[in-house]
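Open the model in your viewer and keep the sequence panel beside it. We will go from stop to stop, selecting as we go.

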Amino acid sequence: MNNYLIYIAVGIGTAVAGFLVGALLNRRVSSSSLMNSKKLAQTIIGDAQKFAENAKKEAEIEAKDSYFKMKMQFEQETKETREILKELEQKLKTKESNLNRKLEFLDKKEASISEVTKGLEHKQLVLEGRMEESNRLIAEQNIQLEKIAGLSKEEAKSILMKNLEGEARMEAAKHVKEIRDEAERTAQKESKRIITLAIQRYAAEHSVETTVSVVDLPSDEMKGRIIGREGRNIRAFETATGVDVVIDDTPEAVILSSFDPIRREVARLSLQKLVQDGRIHPGRIEEVVEKTQQEMETNIREIGEQTSMDLNIHGINPELIKLLGRLRYRSSYGQNCLSHSIEVSYISGIIASELKLDSLIAKRAGLLHDIGKAVTHEVDGTHTEIGGELARRYGENEIIVNAIAAHHEDEEAISLYTPIVGAADAISGARPGARRETLETYIKRLEKLEQVADGFDGVTKAYAIQAGREIRIMVNHKKIDDSQASDLAYEISRKVEKELEYPGQIKVLVIRETRAVEYAK
């Protein structure tokens, strides 16, 4: 037990001794660290003072350099400013000198003008005096003439005016008659020359359009494949294209019939593709027809663009370009509408050139004059009304619009280009071989022409002759006298123009005769 106590006491003593020793050592270390810190602080402060002194010296040097540079720059700018001021001063002196010289010149000129003005005033006074003297002398002479002639001034003036008026009227009537006679002698000759020249300068071939297309087949066996099982192929083809397929005894050929040339052309191209491919069934037919229609739209636009380029006519709206291309697949009286429009364009340009007018305007109007025919089967109205509205809608000027709308005299012409286009249209349509009619249409047109004439009071019989180019009308001489016959011919011609469509012109001849009948007994 005592040993444990001794150990405890020794341990406590050892711990106390260790604590004291540690405290002493810690004090010494702290004292040494403090001394080092003081030394380090003094060193840092010394370095900072040295750095501050060096920075101060450098700042002073930089400030001196900056001051010197600014001083040099200021002196340079001041020198340049002085030179500029000297130049401006010299210019001002020069201008001042010039102004002084001008002022001197103006002063001299003003003095000269004053002298001239005084001279003119003096001359004016002299002239006024002379005028007064002249008026006095004239008045005295008039009084003497009135006494001698026994007429007053107003009476003499009236007689003189009447004499002069009569002579002027006679001279004017004579001159008007000479002008009218000269115009009648030369107008027909000149018009024939211009029209003949236009026709000669544009000599185009003519081809007559039909309403059927023939597709050649490699063999008659292909007809059966076109018809298909129970006719399903031919029904699908007719439904997709809108044309009639005629399969008859014609060897190795199929006929496509349609009033619409565009549909007929799509059907022809589609059938050719199907025959070449060999795969003919409803699905394939619809696919080929749809693709061909897209190709046709592209082809129509390219035809319109090429036509405008060939005629050197630019700036036409793209929609009108498409309609021009569609005219390639339209026909009138068997004449291709696009070929007809191109011909009218050329002839209009030639006639306009001969008349010293703008040939480009005439060619443009001639090309677009039948543009309404591209959509007449889709829109109600005449091709002139439709064409004029389309041209106005797509930005054509009023001269072109009027030439389109009035080339058949449906409206009043506002420029010379309208009758030029009308004349060119008649020339193109009336040329031999340009148009063709079926026998039925031809007979109906002649009958209609005779019916128009028969509808007038006093007409006994009308005969359409010269293939419908002339109509001879017999009238009752008791109801129609000579003056009324002329009026009747005019009225019939106007009604024919309004109610009939025809190429060229129709001659209306009214015949009035008196018959004397007696019997010998």
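Is D425 buried or exposed? D425 is buried, with a relative accessible area of 8%. Here buried means under 20% relative accessible area, exposed means over 50%, and partly exposed lies in between (1.4 Å probe, protein chains only). D425 is found in helix α12, residues 417–430. Helices (H or I, at least four residues) and strands (E, at least two) are DSSP runs, numbered from the N terminus. G366 and D425 are 59 residues apart in sequence, yet 7.9 Å apart in space, C-alpha to C-alpha.

A word on what you are viewing. This is a predicted model, where local features need pLDDT of at least 70, side-chain atom pairs count only at pLDDT 80 or more, and totals for chains, interfaces and linings use all residues. Residues are numbered from 1 along each chain as its sequence is written, and side-chain values use heavy atoms, with hydrogens and water left out.

Zoom out to the protein chain. Its secondary structure comes to 14 helices and eight strands. Buried residues make up 28% of its 521 residues.

Next, select residues 282–310. This is helix α6, with 29 residues. At 1.5 Å times one less than its number of residues, α6 should span 42 Å; its end C-alpha atoms are 41 Å apart, which agrees. Colour its buried residues, among them R284, V288, T292, M296, I300 and G304. What covers the buried residues of α6? The cover includes α4 (232–241), α5 (261–277), α7 (318–327), α8 (337–354) and α9 (359–368). Contact means heavy atoms within 4.5 Å. Just after α6, find N312, which takes a positive phi of about 60 degrees.

Now select L324. In the largest nonpolar core, L324 is one of the residues that touch the most other members, along with I226, F237, L256 and L271. That core has 58 residues. A nonpolar core is a set of buried Ala, Val, Leu, Ile, Met, Phe, Trp, Tyr and Cys residues joined through side-chain atoms within 4.5 Å. Leaving aside neighbours within four places in sequence, L324 is in contact with G304, I316, L338, L367, L368 and I371. A second, separate core of 21 residues includes L446, I473, A489 and V496.

Two strands pair if DSSP finds at least two bridges between them. V246 has I255 in β3 as its bridge partner.

Last stop: the open sheet of three strands. Its order is β6-β7-β8, with mixed pairing. β6 (459–465) and β8 (507–512) stand at the edges, each with a single partner strand, so one side of each is left without a neighbour in the sheet. β6 and β7 run antiparallel, with six bridges; V459 stands opposite V475 in β7. β7 (470–475) and β8 run parallel, also with six bridges. Along that pairing, I473 stands opposite V510, and V475 has R512 as its bridge partner. Finally, show helix α14 (482–499), which packs on the sheet and touches β6, β7 and β8.

Note on methods. Axes fitted to C-alpha atoms, helices over the stretch in contact; angles between N-to-C directions.
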